Amino acid sequence: MIISIASGKGGTGKTTVATNLAVSLGDGVQLLDCDVEEPNAHLFIHPVFEKKEVVSTGVPEVDETKCNLCGKCGEICQFKAIVVIGKTVLSFQELCHSCGGCMEVCPEHAIREGQRALGEIEFGRRNGLEFIHGRLRVGEAMAPPLIRKVRSFAHADKVTIIDAPPGTSCPVIASMKGADFVLLVTEPTPFGLHDLKLAVGAVGILGIPCGLVINRSDMGDDRLREYAGAEGIPILMEIPFDRKIAESYSRGELLVDVRPEWKEKFLRLYEKIKDLVREAGETGREEQ
Ligand code: SF4
Ligand code: SF4
């Protein structure tokens, strides 16, 4: 079971939901923080880190002594990451998507694969909870390959909770694709509703069942609930504004530690998600 926790925009409480759900479920659960540009789940989980690995991606390195300046590498590159200019071949490694196309077409075998560091992955634990997060190298723009690498450590026999980046761009898609369920965390404000609609659109394209958690649910207005009702998106949990929760968040404390009664609510949230995943599976089989 892979549950991706996303939100159309930052600051809605996505990490609060991801970390508290993971800790409530406890043993046999993995929490993967895929918000690689700004990972912060560890600030609440306080894992004991056990190891770290650098993640690299392949980039072209041109041997100018073999190159005949034919320009075929530049023609195939969709990202303008390699070009022939005058009597030299320039490669812009930050633009490279590591497709290998230029190496394939080079008639002189003048391009070999070098490596560019994308970032690093750290592995840790909080008792029986496995924690993994990626951290993108400063200045690196290619988040999706690092996210895919973090996701590659998901075990099929575990419940995997993914803390996705905010927004609806490529890194978010990389964090949601292949999940069994997307839990969208939002707030009942016009901005929240606007960004939620974008997120729901992205989830719809991926064909993944989804549900909502409304944070600060006693603020704002009812338009969010009306939208959810009209779209048939179930509201699975509401978290009202609570000063004690907000203060504990700023201290890096978990909601379920400050208000232990919430553990039961997060366990019920998981049961609702399991039911929805089962229903979606049955509907899918009937349609086949
Ligand atoms: S590996 Fe692909 S993306 Fe990178 S420079 Fe070559 S053709 Fe372009
Ligand atoms: S395809 Fe190979 S030989 Fe042709 S310009 Fe590129 S590196 Fe040089």
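Leaving aside its neighbours within four places in sequence, with which residues is Asp195 in contact? The legends below describe a predicted model, and the first view gives the answer.

View 1. Beyond the neighbours within four places in sequence, Asp195 is in contact with Gly8 and Lys9. The relative accessible area of Asp195 is 16%; because this value falls under 20%, the residue counts as buried. A polar contact, at 3.0 Å, joins the side chain of Asp195 to the side chain of His194.

**View 2. Packing of helix H7 against helix H8.** Helix H7 spans residues 190-206 and helix H8 spans residues 223-231. Their axes come within 9 Å and cross at roughly 20°. Because angles under 35 degrees count as roughly parallel, H7 is described as roughly parallel to H8. On the H7 side, the contact is formed by Pro190, Leu193, Leu196, Lys197 and Val200. These residues meet Arg223, Leu224 and Tyr227 of H8. By class, the residues of this contact comprise six nonpolar and two charged, with no polar residue.

**View 3. The shell of residues around ligand 1.** Pro60, Cys77, Phe79, Ala81 and Ile82 are among the residues around ligand 1. The shell also includes Cys96, His97, Ser98, Cys99, Gly100, Gly101 and Cys102. Eight residues of the shell are nonpolar and four are polar, while none is charged.

Notes:
Residues numbered from 1 in each chain as written. Chains lettered and ligands numbered in written order. Predicted model: local features only at pLDDT ≥ 70, side-chain atom pairs only at ≥ 80, totals over all residues. Heavy atoms only, no water. Near = heavy atom within 4 Å. Nonpolar A, V, L, I, M, F, W, Y, C, P; charged D, E, K, R; others polar. Axes fitted to C-alpha atoms, helices over the stretch in contact; angles between N-to-C directions. Helix = DSSP H or I, 4+ residues; strand = E, 2+ residues; numbered from the N terminus. Parallel < 35°, antiparallel > 145°, perpendicular 65-115°, else oblique. Contact = heavy atoms within 4.5 Å. Buried < 20%, exposed > 50% of the residue type's maximum accessible area, 1.4 Å probe, protein only. Polar contact = N/O pair within 3.5 Å; in protein donor to acceptor, adjacent residues only side chain to side chain.
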